[in-house]
Amino acid sequence: MPFEQYEKRNLYKVFLLDTGLLCSMWREPIQWQVLNGEIDINEGALTENFVAAELVKKGYVLHYYDHKSRQELDFLVAQNNKMNIIEVKSGNDYKRHVSLDAVLENPNPTLGELMVISKFPMQKIGDIQYIPLYALGWI
C-alpha cells in the first residue's frame, strides 16, 4: 500500500484479540461487572478493543493516527487504495468527533469511508456512516 510510507512504527496501540482475557488481566478484576452490564468502568477501552479484535479477525490491517496528542483517529484501514477512518465511541456523545470533523475540513482524494462505531442505530449523516456495534461484521 502506498500509505505505508507515512507509517511511524514508534507510535502504536496494543489490543488483545480476546476481550474476556483483557478483562481478566485488568489491575482490578472487572469480569463480573462486565457480565452484569456495568461496563462503564472501562467502557471506552473495552469497546475499542472489541472493535480492533473484530476488524483484525476480518483480515484488516489496523493503523492509528495521532497528531501531537491533539488529534487522534482510532483506526485507519487501507482498502482499494483509499484510507477508511473508523472512530469508536462508547458513550452517548457518539456524534461528537472533533478529529473526524477535522479530516472533513481537509478533503483528500485518498480518503475512503468515514465510520463511527457505537451502540446506537445505523444512520448516515453527511459523509459519516454511523454503525452499531452489532453490525461490525458487515463492514
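**Strands, a helix and ring pairs**

Visitor: Which residue in E4 is the bridge partner of methionine 83?

Guide: This is a predicted model, in which local features need pLDDT of at least 70 and side-chain atom pairs count only at pLDDT 80 or more, while totals for chains, interfaces and linings use all residues. Residues are numbered from 1 along each chain as its sequence is written, and side-chain values use heavy atoms, with hydrogens and water left out. Helices (H or I, at least four residues) and strands (E, at least two) are DSSP runs numbered from the N terminus, and two strands pair if DSSP finds at least two bridges between them. E3 and strand E4 (residues 111–118) pair in the parallel sense over 5 bridges, and there the partner of methionine 83 is leucine 111.

Visitor: Which residue stands opposite methionine 83 on the side of E2?

Guide: Strand E2 (residues 71–79) runs antiparallel to E3 and is joined to it by 5 bridges. The two strands form a hairpin with 2 residues between them, and asparagine 80 in the turn has a positive phi of about 55 degrees. Opposite methionine 83 in E3 stands alanine 78.

Visitor: How many residues of strand E3 are buried?

Guide: Buried means under 20% relative accessible area, exposed over 50%, and partly exposed in between, with a 1.4 Å probe and protein chains only. Strand E3 covers residues 82–88 and is mostly covered, the number of buried residues among its 7 being 6.

Visitor: What is the handedness of the β-α-β unit that E3, helix H4 and E4 make?

Guide: A crossover is right-handed if, with the strands pointing away from the viewer, the path from the first strand over the helix to the second runs clockwise. The unit made by E3, helix H4 (residues 98–105) and E4 is right-handed.

Visitor: How far does helix H3 reach from its first C-alpha to its last?

Guide: The expected span of a helix is 1.5 Å times one less than its number of residues. Helix H3 (residues 43–57) has 15 residues, and close to the expected 21 Å is its reach of 21 Å.

Visitor: How many aromatic pairs does a search of the whole structure find, and what is the class of the pair of phenylalanine 15 and phenylalanine 75?

Guide: Rings of Phe, Tyr and Trp (its six-membered ring) pair if their centres lie within 6.5 Å, and planes under 30 degrees apart count as stacked, over 60 as edge-to-face and the rest as tilted. The search finds 4 aromatic pairs. For phenylalanine 15 and phenylalanine 75, the distance is 5.6 Å centre to centre and the angle between the planes is 45 degrees, the class being tilted.

Visitor: Is phenylalanine 75 buried or exposed?

Guide: Phenylalanine 15, at 28% relative accessibility, counts as partly exposed. Phenylalanine 75 has a relative accessibility of 2%, so phenylalanine 75 counts as buried.

Visitor: Why does the pair of tyrosine 94 and phenylalanine 120 have its class?

Guide: The ring centres of tyrosine 94 and phenylalanine 120 are 4.2 Å apart and their planes are at 15 degrees, so the pair is stacked.
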